[in-house]
Amino acid sequence: MRCLFTMFAEDVGLLPQDSFRDLLEKMKETPANFVPALESLWAVMDTGGYAPHLNATLKRFNGSLFKTRTALPLEADAIHEMWVAARRTWEDVEPAIFGTLLERALDRRERSKLGAHYTPRAYVERLVVPTIIEPLREDWRTVQAAAEVDRAAGRSDAALQRIRAFHHTLCTLRILDPACGTGNFLYVSLELIKRLEGEVLDALEGFGEEQARLAMEGETVSPRQFYGLELNPRAVPIADLVLWIGYLKWQIRTGGAASITEPVLHAYGTIRQQDAILAYDARELARDETGAPITVWDGVTKKVSPVTGLDIPDESARRETFVYRNPRAAEWPQADFIVGNPPFIGGKDMRAELGDGYAEAAWKARPHMPGGADFVMHFWDQAAQYLREGWKPSGKGKPHWPRRFGFITTNSITQTFSRRVIERHFSAKAPLSLVYAVPDHPWLKASDKAAVRIAMTVGKRGDQQGVLAEVVREEGLNTDAPLVTLAERVGKVRANLTIGADLALTKTLLSNEGISSPGVKLHGAGFIVTPQHAKALGLGSVPGLEQHILDYRNGRDIAQRPRNVRLIDLYDLQIDEVLRKYPAVYQHVAETVRPEREAKIGSSSDMADYAHRWWQFGKVRTEMRSFLKEILRYTVSVETTKHRTFQFLDRSVRPDNMLIAIGNDRANILSLLSSRQHVSYALAAGGWLGVGNDPRYSKTRTFDPFPFPAFSDLSDALVAKLSELGERLDAFRKARLAEHGDLTMTGLYNVLERVRELEAGAPVEPLTDKERSVYERGLVGILKEIHDDIDRATFTAYGWDDLAPRLVGKPGATTLSPHKSEDQEAAEEELLTRLVALNQERAAEEARGLVRWLRPDYQIPKLGHKVARPGAETQIEAEIPLAASGETLPKLPDDVFDRIKVVRALLARAPAPILPKDAAAAFAGRQTAKKLEGVAAVLANLAELGLARTGEGPDGAIRYFAPRG
């Protein structure tokens, strides 16, 4: 590598012209002097000064390249070949070729372990641009727009300062490739950011700023900003050199060799040898019970079978195995963008390729990772974690969040286990979205292990739409100029890398408001008592106590079997009443709850209040108590559970905080809640929590926006059928559990799902004896019929009978399933798309004053004042989705730059051209003349700069929209 860099330095003018070539020519005749000649030259290049062999004074190169300057002895013929190479022009060398050189130098075992493969330049750019360059260019366009506004207003100094600040941002960005290999992605990122920097410097010149002064101050995009982690020690110095060659090429091309200051190279240490996935305290040899090292076949070496004459594993070729002590996820350096091409190792191949010990340690470090997920998904998961949660500060301060990450993976990323990794981050409380994805793309110039189809994904924090790019044409894939043409579509990119329903566009519906709530949150286990203890406290003998010691259910009671416990609920009593009426209860709660509450004062902002009213639950759920008053039963579902089911509970049963209580006693609505339609929506809109990564049912994300069918449009016969099915479902399950003391709700649905998989022809084992017993005693076949009948009736209620044959009876009716056909997945996407559209239709109806109440007798007296009056001005929030469902609207910023940025975001999300008054109404606060004028001015400036388009509406008024494509 030192020889190659010396050739490059000679051809770009950092060494005297032809000096190294002439030296090599001399060495052909005296090969014995080759080593001392090169080592002495490199010693001078390291420190700077006079080089006798070149008869020239050299710049100080420094850096780490020449700190070790050992040269290998070569014969005259080899020196001749090097001389021939030196006669070539290295000025325009493509640094990416070093990746090919390293790959060819690796043996098969190393390539396999590292997943090493060269990434073609065109494919690198295809990922780097949407990951890094597009967001930076968006920022730059906004800066330019704000600077023009400042210039037009006579604030040239402010405009200049905005551009300087953006240039400073470019010069302080950090880019990370956690599997950098020989630095290809970092080099391309550097070059593309340098191009953008050139545009910024040109703009500064337009304001009278001198580029030379900036260069003298050292304010320029440089290799110090590019970080890489790499396991192969040979690749690390190559990656560092690739960055420097790329940087020097750009600087010399734009400023000449004289613009290169000393030292030419710096040892920033941003490229380091590190395992990006696993950190551990120690790696030790795995040993058997006798203490002997455990070895396995090396996976490569073979011998000829004496029987068949074919190659078979050579069992004498062994490799050691290891165990990793205290394995944990490795820490990555802080960065603003993460990009790269992690190793292509399938989930099923991790043990063979990386060793049992490493694979098990990797899974232990990330217990939420599905065992079948490809190794690249461990990188994907960590990048997504940083994107959502940021790097935690060492002391006080805010986390540092990267803006985007982008990875090349195999196209198996869409398969079940790898896809679950993406789905987990999609559904998190702070979710991420894919803003760019290519699901299936050809791969070129790969090693034997990496000759695969690939996918590209770019993640960004937040719930938003993205671009799906699909290959429509492939030509010349085995040439140096392949043609791969993409067609792009904009929409919500789903975890299976298809365009699907954008659930972020859904709105909370007034029709569902006020009748759902989590159950009570105790903050004190002393409230829970056994039936015997309840009796001892006076239940059954003290008048009125039956109103305050009630049956109690938590999530396990519903998902498994009830524990048969009671709950002390003193919600509407003052402490003196409790002491006077129920002294035994008073003493029990005072002894079991009050000390715990008082001990926790200061641990949270609420604990002081909880300690003050220690005889009541921490969260008493006033709203829930209100909607339960007028009904004899209500509906519940476990918040986080494997199977999404709903059932009735008697009003006297108090639900726990991990249950979602719905103030509904109608069996037809129980049918709709239990239907595949509602469950599919809940699985897509909710998140996952818990050890089992189980689906979560969220009141705000799943129940409140869900569009139920319009009951007023349904026939009496269909409503009656839904009611009959709901009653049957609830009674049937409860009867099975009552009849067989070992059956559970989860057990019934586990077997039901297995039956659906088998009937769909999924590659699963037949029912076990235990499952067959549950099937027969639980009458699971009848349970399946009831659910299928509910699903068919619900499709009819929506008027979507065309989807019934594609979905009814298929796997995944109550839980996530890895055994869905492509047609079923497409049908489910269509179902979600229709539900999102129906939600928007319902929201538009409500904005016009039509609310389809679920429980009108209860809701109208409490919520009727919220109904829009026909003709009255309504908030544009229902029309322009600047904020996702459940989020508050943003304020209109005061600063010009920030104002332009948020208005551009508004235009990008608006479904149709909008008026200035509509745009202004999408921001929080009153609709004042000043606010409207400010938004109108920004829209006009954007249109003038080409960052917005205009058109006349049917009323002749000018409307604005974002440029597309």
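Which residues in α23 meet which residues in α24? In this predicted model, where local features need pLDDT of at least 70 and side-chain atom pairs count only at pLDDT 80 or more, Leu672, Leu673 and Ser674 of α23 meet Arg676, His678 and Val679 of α24, contact being heavy atoms within 4.5 Å. Residues are numbered from 1 along each chain as its sequence is written, and side-chain values use heavy atoms, with hydrogens and water left out.

By class, this α23 contact with α24 has three nonpolar, two polar and one charged residues (Ala, Val, Leu, Ile, Met, Phe, Trp, Tyr, Cys and Pro count as nonpolar, Asp, Glu, Lys and Arg as charged, the others, Gly among them, as polar). Helices here are DSSP runs of H or I with at least four residues, numbered from the N terminus.

Now for the salt bridges. With a side-chain nitrogen of Lys or Arg within 4 Å of a carboxyl oxygen of Asp or Glu as the rule, the count comes to 63. One of them joins glutamate 423 to arginine 419, with the closest N and O atoms 3.6 Å apart. Both residues sit in helix α15 (residues 416-426), four residues apart, about one turn of the helix. Glutamate 423 is buried at 17% relative accessibility, and arginine 419 is buried at 12%; buried means under 20% relative accessible area, exposed over 50% and partly exposed in between, using a 1.4 Å probe and protein chains only.

Arginine 613 and aspartate 609 pair up at 3.1 Å, N to O, with arginine 613 buried at 16% and aspartate 609 partly exposed at 38%. Elsewhere, a network of salt bridges links Arg121, Glu125, Glu191 and Arg195.

Methods:
Helices (H or I, at least four residues) and strands (E, at least two) are DSSP runs, numbered from the N terminus.
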